Amino acid sequence: MELFSEERSAHVVAESFAGTADPRLRDVLTALVRHLHAFVRETELTEEEWCAGIDFLTRTGQKCDAARQEFVLLSDVLGVSMLVETINHRSGGTSTESTVLGPFHMVESPPRELGENIALDSKGEPCLVTGQVKGPDGEPLAGALVDVWQANADGFYDVQQPGVQPELNLRGLFTSDEDGRFWFRTIVPRYCPIPDDGPVGELLAATGRHPYRPAHMHFIVTAPGYRPVTTHLFVDDSPYLDSDAVFGVKESLIRRFALVDHEARAAEAGLPNPFRTVHFDVALLRAAHAGGSLD
C-alpha cells in the first residue's frame, strides 16, 4: 500500500476500502474521503479547530435521546436533509413536491373522521382545510391516507409541551372519500422555532442565523399503487418564508388562508364566524414511476 502523504492522502485512504464487498458502500466512503480531505486541505484546518469540531459532534450526539435527534437537526440547518429529500423525490413537476419530515412526527396520528376538529386545546384562529388526493392523470384516489400534524397557536407541537397541550393535539389521520376528497377543522398554524438549546442552536447563533420556521402544516399522503409524499402546506403571509431555518419552503406549497365572514358557511363547517379556509390538493406519482421506486 502506498504510504500516506499530504498530497496523496485521499487516494491512500480510499484505496484502503478496495476490499469492501458492498460496491455502494465503497463508492460512498471513497467520495466521502475525497471531499473531506479536500475540505481539510482547502481550509488548512488547525489542530485546535479539528478538536473543536470533534467536541461539537460529540455534544451533538450527547444531546440525542428518544424525543430528540440533534444530528437530524444539524443535517436540517445545513440544508442536507432538504437536498437528500429533493434528490430522492424528483417529481418532474407532475406531483406534489416533497419537503422534510421534521423532528416532531414522533407519535402515530390518531384516525379521525372527515371533518373532525384536530385542535383540542381551543386556542388559535379556526380554519377549515379541504383538498383532494389525485393520481398523475388527475384521477381521484379514494381511500388515500392523509396524515397531518402541526404546531399550535403558540408555535409548539404537543410533544414539546407534555402536560400543557392535550395528548395528540393537532394530529389526525384521515381517509379520503370516494372522490379522493378530504377535509378537517383545525387552526391556522403559527411560525415556530426549531430546538436551539443545544449545539445546533450554538451554530445558528455563531453564524447570525435565527431558529425559526414559517407557519406550516405537515402532510404524509399515501395510496396503494402510488408513491407516498411527505410535504408541507405553508401560510402565505407568514414570516420566515424566505429564511426557513431548515430550507424547507418550496413555492408550489405556499397557499393563501382566506378569511370567510359568513354565518351560514361557518355553521355548515362547524366553526365560529369568521374563520379561515385553505384548499390543498395532493398529486401522487404511480409506484412504477422512476424505476418502480416506492420511496
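These numbered points describe strand pairing, helix packing and backbone features in a predicted model.

1. Conventions. Because the model is predicted, local features are reported only at pLDDT of at least 70 and side-chain atom pairs only at pLDDT 80 or more, while totals for chains, interfaces and linings use all residues. Residues are numbered from 1 along each chain as its sequence is written, and side-chain values use heavy atoms, with hydrogens and water left out. Helices (H or I, at least four residues) and strands (E, at least two) are DSSP runs, numbered from the N terminus.

2. Five strands, in the order 3-2-7-8-9, form an open sheet with mixed pairing; two strands pair if DSSP finds at least two bridges between them. Its edge strands, each pairing on one side only, are strand 3 (171-175) and strand 9 (254-255).

3. Strand 1 and its partners. Strand 1 is largely enclosed by the rest of the structure, because 7 of its 9 residues are buried (buried means under 20% relative accessible area, exposed over 50%, partly exposed in between, with a 1.4 Å probe and protein chains only). It is joined to strand 4 (residues 181-187) by 7 bridges, and these two run antiparallel. R181 in strand 4 is the bridge partner of Q132. Strand 1 also pairs with strand 11 in the parallel sense over 4 bridges, and there T277 is the bridge partner of L128.

4. Helix 4 against helix 6. Helix 4 (residues 70-77) packs on helix 6 (residues 199-206) at an angle of about 25°, and their axes are 9 Å apart. Axes here are lines fitted to C-alpha atoms, for helices over the stretch in contact, and angles run from 0 to 180 degrees between N-to-C directions. Helix 4 is therefore roughly parallel to helix 6 (angles under 35 degrees count as roughly parallel, over 145 as roughly antiparallel, 65 to 115 as roughly perpendicular and the rest as oblique). The contact (heavy atoms within 4.5 Å) brings E70, L73, L74 and V77 of helix 4 to P199, V200, L203 and L204 of helix 6. The residues of this contact divide into 7 nonpolar, no polar and 1 charged.

5. Helix 5. Which residues of helix 5 are buried? They are S81, M82 and E85. These residues cover an arc of only 95° around the axis, so they are on the same side of helix 5; the arc is that of the directions from the helix axis to the C-beta atoms. The buried residues of helix 5 pack against helix 4 and strand 8.

6. Backbone points to check. S122, a residue other than glycine, has a positive phi, near 60°. S122 is in the loop between helix 5 (80-88) and strand 1 (126-134), and counts as exposed at 75% relative accessibility. L168 also has a positive phi, near 65°, and is found in the loop between strand 2 (145-150) and strand 3. With a relative accessible area of 24%, L168 is partly exposed.

7. Cis peptide. The peptide bond that joins N273 and P274 is cis, with omega about 0°. P274 lies in the loop between helix 7 (263-269) and strand 11 (275-279).

Note on methods. Ala, Val, Leu, Ile, Met, Phe, Trp, Tyr, Cys and Pro count as nonpolar, Asp, Glu, Lys and Arg as charged, and the others, Gly among them, as polar.
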